[in-house]
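Please look through the sequence and the structure shown below before reading on. The report then goes through selected parts of the fold.

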Amino acid sequence: MIRKLLRRVFRRAAPANALPEPAVIPAARHGIRRDQLSPAAIKVCTVLQDAGHKAYVVGGAVRDLIVGQTPKDFDVATSATPEEVRALFRRSRIIGRRFKIVHVMSGPETIEVSTFRAMQDAESTETDEHGRVLRDNVFGSMAEDATRRDFTVNALYYDPSDETVVDYHHGVADLQQRTLRMIGDPRVRYREDPVRMLRAARLGAKLGLGIDPAARGPIREMADLLENVPPARLFDEMLKLLLSGHAVKCLKQLREEGLHHGLLPLLDVILEQPLGERFVWLSLENTDERVRQGKPVSPGFLFATLLWHEVLADWEARKADGQHAQPALFEAMDAVLDKQSGKLAITRRIVGDIKDIWALQPRFDKRAGKAPYRLLEQARYRAGWDFLRLRAQAGEIPMELPDWWDAFADAHPDAREAMLLPEKAGSAPRKRRRRKKPAAAISE
């Protein structure tokens, strides 16, 4: 009785910014088994713990396993500094500027290892004029690290040695109650890192969690902070969202939160066009299905679908102005991608894939002569045909066109000849006239 009274007194006397005491949750309650983890993640934790450091599988992997989803990767948090981690693993490297982390390579896997982060006060934290944190290489305790994380469901630490989950902010309870709750003041946390607003929409859609009103309320009015996020980081976050296997839900969530404006330039215009909207949603549904089935997906193909109707509108306008079709298409492609590059730093490789898919589309209209044979030899033919078929499914073109190409590609060489359409009048290639060689000068 006296002990209970003393605990209450000391709890009241504790400072407002005191760090919480964790709950240590046994396997019987959280349901994660050691054999569900990546062997590489277990090895990293074991090596660090054997060297006298704390080490846990942390964040998204723990969260996903508790709700019954398969994690895409496994991250580790530790009390060891990046240099100490680097010294323990031969195949490792320190990366990052805003916050140093270590990539530990084990077979085909790469485990991201981060050191516990410390709490920082406003005076000592380096931020930009909007409050976004620019440097974060201050290390601290595990309790501080948990408090620095964004959502309670991401502040979960799994210890492979005893299969317990260390929970500082009731994240397990929030998962069970289907709630996405921010740690700390949401307005301050969004200013520190505006990408958290996107992450809230993505995690809410992916995990089927309702966003806590305190975290949801400021999003719409603070959405313009995303203008200050570096394009490369915004692109990475959009890739995670679009390739999450729940892209349809994510984009609907973005609309509800008012975050779709400005993320993908002109995305609103695309979604407001009846034809374009059907095309985009079909693409996202196909991508979600492939992700859920464990099939490979192409970021280039997905971004090509998202921006196609902007290219199409620009292309048609240029042709109406009298430009030739092929150069008009390439100019339209460049114009749309230039607008995009201001917001999202799409990599050169993905830009190349997007342009290849778009450039193939008018070539599918040519079904006479040698053109069909040359098109089949193109390295990106299959991606181009998939894109063509999606256009037909959306009602943009007749389904007869992709069906013809599908049959032509599988047909015997003799049958292909019979499938070719007749050459249009005046379309036969002109024979090149041989130039007569000048007569040799007669020497005297």
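What follows describes the model as a whole, then its sheet, a strand inside that sheet, a pair of helices and a few loop residues.

## Basis of the model

This is a predicted model, in which local features need pLDDT of at least 70 and side-chain atom pairs count only at pLDDT 80 or more, while totals for chains, interfaces and linings use all residues. Residues are numbered from 1 along each chain as its sequence is written, and side-chain values use heavy atoms, with hydrogens and water left out.

## The chain overall

The chain has 22 helices and 10 strands. Helices (H or I, at least four residues) and strands (E, at least two) are DSSP runs, numbered from the N terminus. Of its 444 residues, 48% count as buried. Buried means under 20% relative accessible area, exposed means over 50%, and partly exposed lies in between (1.4 Å probe, protein chains only).

Contact means heavy atoms within 4.5 Å. Among the contacts in the chain with a separation of 6 or more, 67% are between residues 24 or more positions apart.

## The sheet

Strands of a sheet pair through backbone hydrogen bonds, either parallel or antiparallel. Here two strands pair if DSSP finds at least two bridges between them. An open sheet of 8 strands has mixed pairing and the order S1-S8-S7-S2-S3-S6-S5-S4. Its edge strands are S1 (23-25) and S4, each of which pairs on one side only. On average, neighbouring strands of this sheet are turned by 30° against each other, direction ignored.

Helix H3 (residues 39-50) lies across strands S2 (55-58), S3, S5, S6 and S7 (156-159), and runs at about 40° to S6. Such angles run from 0 to 180 degrees between N-to-C directions, and the axes are lines fitted to C-alpha atoms, for helices over the stretch in contact.

Is strand S5 (residues 101-106) enclosed or open? Because 6 of its 6 residues are buried, S5 is largely enclosed by the rest of the structure. Ile 101, His 103 and Met 105 point one way from S5, while Val 102, Val 104 and Ser 106 point the other way, and all are buried.

S5 runs antiparallel to strand S4 (residues 92-95), with 4 bridges joining them. Ile 101 in S5 is the bridge partner of Ile 95. The hairpin of S4 and S5 has 5 residues between the strands, and Gly 96 there takes a positive phi near 100°. Strand S6 (residues 109-115) is also antiparallel to S5, and 6 bridges join the two. Ile 101 has Ser 114 as its bridge partner in S6. The hairpin of S5 and S6 has 2 residues between the strands, and Gly 107 in this hairpin takes a positive phi near 60°. S6 also pairs with strand S3 (residues 75-78), in the parallel sense, over 4 bridges. In that pairing, Ser 114 in S6 is the bridge partner of Ala 77.

## Helices H16 and H17

Two packed helices are described by the angle between their axes and the distance between the axes. Helix H16 (residues 299-320) and helix H17 (residues 325-341) pack at about 130°, with their axes 8 Å apart. That angle makes H16 oblique to H17. Angles under 35 degrees count as roughly parallel, over 145 as roughly antiparallel, 65 to 115 as roughly perpendicular and the rest as oblique.

In H16, the residues that meet H17 include Phe 303, Leu 307 and Trp 315, and those they meet in H17 include Ala 328, Leu 329 and Met 333. The residues of this contact divide into 12 nonpolar, 1 polar and 5 charged. Ala, Val, Leu, Ile, Met, Phe, Trp, Tyr, Cys and Pro count as nonpolar, Asp, Glu, Lys and Arg as charged, and the others, Gly among them, as polar.

## Residues in loops

Most residues other than glycine have a negative phi. Glu 163, in the loop between S7 and strand S8 (164-167), has a positive phi near 60°. Glu 163 counts as partly exposed, because its relative accessibility is 27%. His 170 has a positive phi near 60° as well, and lies in the loop between S8 and helix H7 (171-176). At 57% relative accessibility, His 170 counts as exposed.

Arg 380 lies in the loop between helix H19 (371-376) and helix H20 (381-393). Its relative accessibility is 26%, so Arg 380 counts as partly exposed. Leaving aside neighbours within four places in sequence, Arg 380 is in contact with Asp 353, Asp 356, Ile 357 and Leu 360. The C-alpha atoms of Arg 380 and Ile 357 are separated by 7.0 Å, and the two residues are 23 residues apart along the chain.
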